Structures are given as C-alpha cells and as structure tokens.
Amino acid sequence: MKLTSKEVAHVASLARLEMAEDEMEKFAGQLNAILEFADKLNRLETKDILPTAHVLPLNNVFREDRVTPGLERKAALLNAPEAEEGMFRVPRVIE
Amino acid sequence: MLEQCTVAEALERLEKKEISALELTEAALRRVEAVDESVKAFVTVTKNEALAAAALVDAKRLSGEAMPLLAGIPMALKDNLCTKGVLTTCSSKILDNFKPPYDATAVELLRDAGAVLLGKTNLDEFAMGSSTENSAFFTTRNPWDLERVPGGSSGGSAAAVAADEVCFALGSDTGGSIRQPAAFCGVVGMKPTYGRVSRYGLIAFASSLDQIGPFTKDVRDCAIVMNAIARYDARDTTSVPMETPDYTAQLSGGVKGLRIGVPQEYFAAGIDQDVRNAVQQALAVLVALGAEAEEISLPHTDYGIAVYYLIAPAEASSNLARYDGVQYGYRAEADNLLEMYQKTRSRGFGSEVKRRIMLGTYALSSGYYDAYYLKASQVRTLIKQEFAEAFKKFDLILTPTAPSTAFPVGTVEDPLTMYLNDICTIPVNLAGLPALSMPCGFVNNLPVGLQLIGKPFAEATILRAAYAYEQHSGLIKQKPALSGKGVPQDEQI
C-alpha cells in the first residue's frame, strides 16, 4: 500500500474535498491501484532526460503592454452565487 | 432524407436554393425530437436560437450577401465549449447553472462562418472518462446499439453526428476524447496538432494536452470544418502563429508513394483480433492504392497510460481549483469560507473528478513530485522523441483507434480498466501530434475505428490519406438502423 487512509485524508484536505470514512477507503484502494500501475515508469532510466511540460517550441509569449477592454463588471458578476455592490460576496472571513 | 446530408451536400443544396437554411434546421430539430429521447446526445437544445439564426442566414442569402463558409449548417458543440448566454455545464453539477459571458474562439469562428447552433452535447464530467457514463446528468447511448456506450468523453457530439441530428459537431480531445467516440460511433473525428485550434473558451481539463476538433460524417466535411476553426488566436498563448492551409485543396492527391509506419505495439495482445483484422484490411487498401507500408516499433507505447494518468490529473487538480463557489456555478451554504469551499466541491464534483483531483494533488505534493510528476514528464519526452524519430522515415503512422468496439453500458466499473481504453490514443496527445479516426469496418454491426497519426501540423497529409481510403471503402455511407419514434415522411425533399 502506497497511500494509507490517513494520507488520503491529508490529500483530500489539500484539495479542499471532504469525504466520509467509507468513501475515503474506497478512494485509497483505487488510488493505490493506479499508483502501482504507474510504478512501471521506474523501469526506465531517465537521469539525463529533460521533462516535457508541453510540446510546442514556444517560450515566453509576450504581448504589448497595452490596455484593452476586458470583461465588464456586470457580465463578470452575472454567474455569481452571491454578489453585492459590484463584488462577489462570501461568508465572513474576518471576525 | 435532408438530415442525412453531409456539410458539403447541404452547402451545395443551399447554394442552389433547393433548400433553405430554415428547412435544414427544422429537419435537424425534427430528427432530434424523433431520436434524442433514446440517444440522449444533448444536454441543451437551443431550438429558438437555432431557428432565428437559420432565418437570418436565409435573409442574408436573399439580399444577395456573400455567404460565409458554413452558412446555415446545423451543428452541435460539446458542453465544455463556452457559448455566450447558453448553458455550458461540462455535464457537472458544479456548473449546471453556468451561462458564459463570452464565446470560445472556435465557437466564435463557427458563428462567424454562419453555422447554426442546435445545442450542447453530453460528456463525461469535465471530459474525464471514455464512455459518457461519468456525466452527472445521464449516459448517452450509441446509435448503432442503444445498449452500448458511445465512447467518451465527447460521446454526445459523436452520437449526435452518427444519429444525423446535426451535420457536424465539435468535441475536445485530451487523451482520445474525440477519436475514441468517433471510432465507437462510426464517424470521422480529428484531434488537430496541439496549438492548431485555439483553446480560448474551452473549459480546461489538462492544458498541455487539450485540443478542440471536429466530428463529421465524412473526410471532406472534416477538412471543411478544420478550415473554419484552425486559426491563430492571441488569446491562447499556446496557439501557434502560422497560416491555415486550405485543407480541402489537397484531398484528392492520393497516397502514391506515401510512407506509412505500422507500429507493432498497437497490434499486440489487448487489442481485439477483429479490430486488428479490420485495421490490417484498411492498410492493405492503402497499399493497393500506392502507399508503402512498413512495420515499425515504438517501444515506449506501453508507458503512455501511466504517464497520462499522472500528468493529466496533475494539471486537472490545478485547473479545477477554480471551482470554489465564489465566482460561478454551484455554492453550498456554510458558516465559514473553508467549509464553503469543501462542501461546494464535495457536493459539486462527481467521483471520477474527485479521484483525478486527488491523484493529481498527490502527484504534485511535497515529497512525491519527483517520483510521479517529474518522472512522468521525463517519460513523456521519450514518447515524443520516439514519434519524432519515426516521422523522419514515415509520413503517417497507422493504428487502431481503440482496442475494441463499443462496450455495453455499465460493464466497466474499475477506473483503471476504463483507462486502458485510451491505450492507442493517449501517446498522440502526449506528443502533441494530429490524428484522425475514421470507420474501417464493422464487427457484429458495430463500427471499428482506424487511426491515422501525422507529423506536427501535417493535418492535410492525414486528410488526404483518409479521403483516399474513404473513396475506396464506401463505408461512410452506412447508417445505424435507428428508428426512434419514427421520422415523418414529409421531411423528404
């Protein structure tokens, strides 16, 4: 076993997910199966191989530092679960 | 019957004024009404908008305006492509009320080309899956056999085209999500080179792998739709600034002298014998038409799935962090912010999405990054190099698209077993190459998919070979015996 239920709980909290005990155990089993499958990568020597983050030979794509129109505030707030005074409203953060 | 028209046929009849755009859209809507209760391709049907858009095309034609490329052609879009003011759900509870304030670039290009949006199609939640069974809403059915899956994740788009509900559709392909459902549903599906079609407005799953592409009824239509959507876009920094060739111009160039590599690893155990036979027969046809084939070896093929299922979840765990109940989508009520995030995400995401977020978070977490994410990214380099080496000698690589034909709904329960479905398609995304799937035969009345893989930005070569094969095989003319509630006879024109 690579991942214990305790570690699964830790990863879940990092990912801002909460889970019931039985769901946690099911996930632990499935994630372990996938990670064990991925172990086959260790059969390959990759010491001097550069990693590929993406395939294109494009680097540092810049644009001119020019002001262009963006999304209107009203449009940006259209899908907000809660909005107030032109802002997204969330539960109180500061006591 | 009108709804069976290809894009090219419909354009010709519209041009000659034999039919109107409104008649074409009405025929498509009647077809949706007749069959979609059983196929379940659509999450949203935009009937009124479609009728209005079609009428506008007719008015423009009447006034003598120059008509754009796809004027009046009914289309469907996978529901992870942002459509301004039209629900875009990713087949997820967390976005089931989301109406984007803008169009994706590919959508904008199609609207500008005059295509008529009929609706948004079902997918595995956030494009994570190979069957559409992971949709939070319902499972789409395969038009060839309603007890079977259409493939995934773009299963709704593939099924809508196969069932003649639309002339063409767009999907997205991260590890095979266009090509595998195209194979299962017996239509043409293309994943363009990474960077060829703008990803702006495609809701991100794994950003280094995602690419938008078309589903069509034949190869010519694929070239036509590619002409409309392949365009440099400054809004996507991975969009490549280069000219778009006319993909229809070289279609009939033939395959004489074309060098085709046939990697033995894609014909190994794990690929159904019937599938192998059908693909070998297609190869024989291409050789008879003048292509030169040679068996090759791509020894890192076997590592593709392991690499993908570390890299794609890692990117997804980051991309899906934005769903927190603040700016859009579902929000769970809670007393404090952290609890709101957790409850929103836990109730909003389905289990496959959670599984991948967890896997990705773990692969990127402190202490495991080198062992999993970095290792996978290094092996990705090996896979990419292996293709580049092969393409020094060959113009195309030919393989099956999927290891089997469409499987019955509800029969693959283990996640890892489901992942193995992508064995033939994943390496192509890892290397960023263009590839196309097209029907090359039938086994027990279910379509088999042939995959043609090309050099970066050599979509035209793939289309030329596919067209040569299609002209010879005639397979594309076969239709599923889908009756639905019965299609009224009066729509025959």
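Student: Before we start, what makes a residue buried or exposed?

Tutor: C-beta atoms are placed from the backbone, and the count is of other C-beta atoms within 10 Å of a residue's own. With 12 or fewer the residue is exposed, in between it is partly exposed, and with 20 or more it is buried. This is a predicted model, in which local features need pLDDT of at least 70 and side-chain atom pairs count only at pLDDT 80 or more, while totals for chains, interfaces and linings use all residues. Residues are numbered from 1 along each chain as its sequence is written, and chains are lettered from A and ligands numbered from 1 in the order in which they are written.

Student: How many of the residues of H9(B) are buried?

Tutor: Helices here are DSSP runs of H or I with at least four residues, strands are runs of E with at least two, and both are numbered from the N terminus. Helix H9 of chain B covers residues 304-319. It is largely enclosed by the rest of the structure, because the buried residues among its 16 number 14.

Student: Which residues have the most contacts inside the largest nonpolar core?

Tutor: A nonpolar core joins buried Ala, Val, Leu, Ile, Met, Phe, Trp, Tyr and Cys residues through C-beta atoms within 7 Å. The largest one has 173 residues. Those with the most contacts inside it are B:Met75 and B:Leu310.

Student: Is B:Ile423 buried or exposed?

Tutor: B:Ile423 sits in the loop between helix H13 (415-419) and helix H14 (426-431) of chain B. Its C-alpha atom is separated by 7.1 Å from that of B:Gly304, 119 residues apart along the chain. Since B:Ile423 has 24 C-beta neighbours inside 10 Å, it counts as buried.

Student: What is the radius of gyration of chain A?

Tutor: Chain A has 3 helices and 2 strands, running α-α-α-β-β from the N terminus on. The radius of gyration is taken over C-alpha atoms, and the globule rule is 2.2 Å times the number of residues to the power 0.38. That rule gives 12 Å for 95 residues, and chain A is well over this, so it is more spread out than a compact globule, with a radius of gyration of 23 Å.

Student: Which helix gives the largest share of the side of chain A that touches chain B?

Tutor: Residues are in contact if their C-beta atoms, placed from the backbone, lie within 7 Å. By that test, 40 residues of chain A are in contact with 53 residues of chain B. Helices H1 (5-14), H2 (21-38) and H3 (73-77) of chain A each supply at least two residues of that side. The largest share, 7 residues, comes from H2(A).

Key: Contact = placed C-beta atoms within 7 Å. Expected span 1.5 Å × (residues − 1).
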